Amino acid sequence: MKAVVVENYDAIDGISIRQIDTPGISKGEVRVKVGAAAIGFVDGLKVQGLYQTKDPLPFVPGTEFAGVVDAVAGDVSAFKPGMPVVGMTRSGALAEYITVPSAALKNLPPQVPFETAASFQANYLTGLYALDARASLLSGEILLVLGAAGGVGIAAVQIGKLMGARVIAAASTAEKRDFALRYGADQTIDYTRADWRDTLKELTGGHGPDVIFDPVGGEVSLQAFRSIAWRGRHLVVGFASGTIPALAFNLPLLKGGALLGVDLAQIQRREPGTHTRLMAQLFDWLASGQLQPVVGKVVPFENFREAFKTMQSRSALGKMVVTFG
Ligand SMILES: NC(=O)c1ccc[n+]([C@@H]2O[C@H](COP(=O)([O-])OP(=O)(O)OC[C@H]3O[C@@H](n4cnc5c(N)ncnc54)[C@H](OP(=O)(O)O)[C@@H]3O)[C@@H](O)[C@H]2O)c1
């Protein structure tokens, strides 16, 4: 089969498609013919060896995928060849076939295309875990989403609306702000402007955001926290800007505010009950059509580098998806 293979940690131009063995299946496993795989910011860091954990070389990148069951181990009864499925794993999705434990898969509602399904789990679970399990966002509260047109940002915009919040989307370009409005944001802010906090103050009538969803980091995080409402909750999701901010401890004291960490990788292991509840909620929303996950740019497998480059050049709208012909 063909797969993107990282032989050395490298910039994306140094990574190629190779012919490798199609993976076999052992006890408890399912092999999926991949229809679409999504690429997130973390995948871009992993291929370069810049992520906090390193995949041993060589490896096939890609954690999220959707496709059709190709083969199942004899002890697996939940899946049969031909079933459409969606899955999430540590690596291996940028390949024509992937083998995973059956627990890594879910049945795909029939009306959901592979591109949509592949873009779904990581960002929307992160968004829902952050806003529900961590921030306890209430209907009517004001949610400020930083980096709102990015993959995880746009998920937070949509989930914030589903939870009844008033959503203010912050993004760097007019195109990105329009994108956030199209997916439900109530208002937008250009947070590259020096006076953006004044605009935020005006938009919130002096109240400030009750909850801040922050996948960006850097100076903008510090500025945002200075504007937070009394008893506000600032969700630490990521550092796409490349800088981890250092917040002076007097600010949470003065604001009665909280910094809350969010780590998708630990939810299932540390909070299995919460994970089950949130996944059920997400798949209910998906099956009923209440939530229509945003598919950003879709590129054919052969052009996988374009997906990485779009994200790395800060020009991505939503999630990048690679499809297999
Ligand atoms: N904690 C978790 O479990 C979890 C889960 C998913 C993602 N994340 C993290 O969240 C962050 C965003 O991920 P994503 O997949 O949403 O990425 P993305 O689609 O590339 O979006 C990132 C956004 O950050 C903003 N940004 C500001 N400075 C940037 C810079 N120098 N380079 C690139 N983007 C910059 C951009 O918006 P503007 O141009 O509008 O500023 C961009 O839209 C990453 O750090 C990722 O690791 C964490």
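**Exercise 1. From which domains does the shell around the ligand draw at least three residues each?**

*Solution.* The structure is a predicted model, in which local features need pLDDT of at least 70 and side-chain atom pairs count only at pLDDT 80 or more, while totals for chains, interfaces and linings use all residues. Residues are numbered from 1 along each chain as its sequence is written, and side-chain values use heavy atoms, with hydrogens and water left out.

Step 1. Domain 1 (2-120 + 293-323) and domain 2 (122-265) each supply at least three residues to the shell; the bounds come from an automatic or database domain assignment.

Step 2. The shell holds 23 residues, and Ser-172, Lys-176, Tyr-191, Val-262 and Leu-264 come nearest to the ligand. A residue counts as near if one of its heavy atoms lies within 4 Å.

Step 3. By class, 13 shell residues are nonpolar, seven polar and three charged. Here Ala, Val, Leu, Ile, Met, Phe, Trp, Tyr, Cys and Pro are nonpolar, Asp, Glu, Lys and Arg are charged, and the others, Gly among them, are polar.

**Exercise 2. Describe the polar contacts and the burial of the ligand.**

*Solution.* Step 1. For a polar contact, a pair of N or O atoms must lie within 3.5 Å. An oxygen atom of the ligand is 2.5 Å from an N or O atom in the side chain of Tyr-191. Polar backbone atoms also take part: one of Gly-151 is 2.8 Å from a ligand oxygen, and one of Leu-264 is 2.7 Å from a ligand oxygen.

Step 2. Taken alone, the ligand exposes 900 Å², of which the protein buries 88% (Shrake-Rupley method, 1.4 Å probe).

Step 3. The elements giving two or more residues to the shell are α1 (41-47) and α4 (151-162). Helices (H or I, at least four residues) and strands (E, at least two) are DSSP runs, numbered from the N terminus.

**Exercise 3. Locate two backbone features in their loops.**

*Solution.* Step 1. The peptide bond from Leu-57 to Pro-58 is cis, with omega near -15 degrees. Pro-58 belongs to the loop between α1 and β4 (64-72).

Step 2. Arg-231 is not a glycine, yet has a positive phi of about 65 degrees. Arg-231 is placed in the loop between α7 and β12.

Definitions and conventions. Polar contact = N/O pair within 3.5 Å; in protein donor to acceptor, adjacent residues only side chain to side chain.
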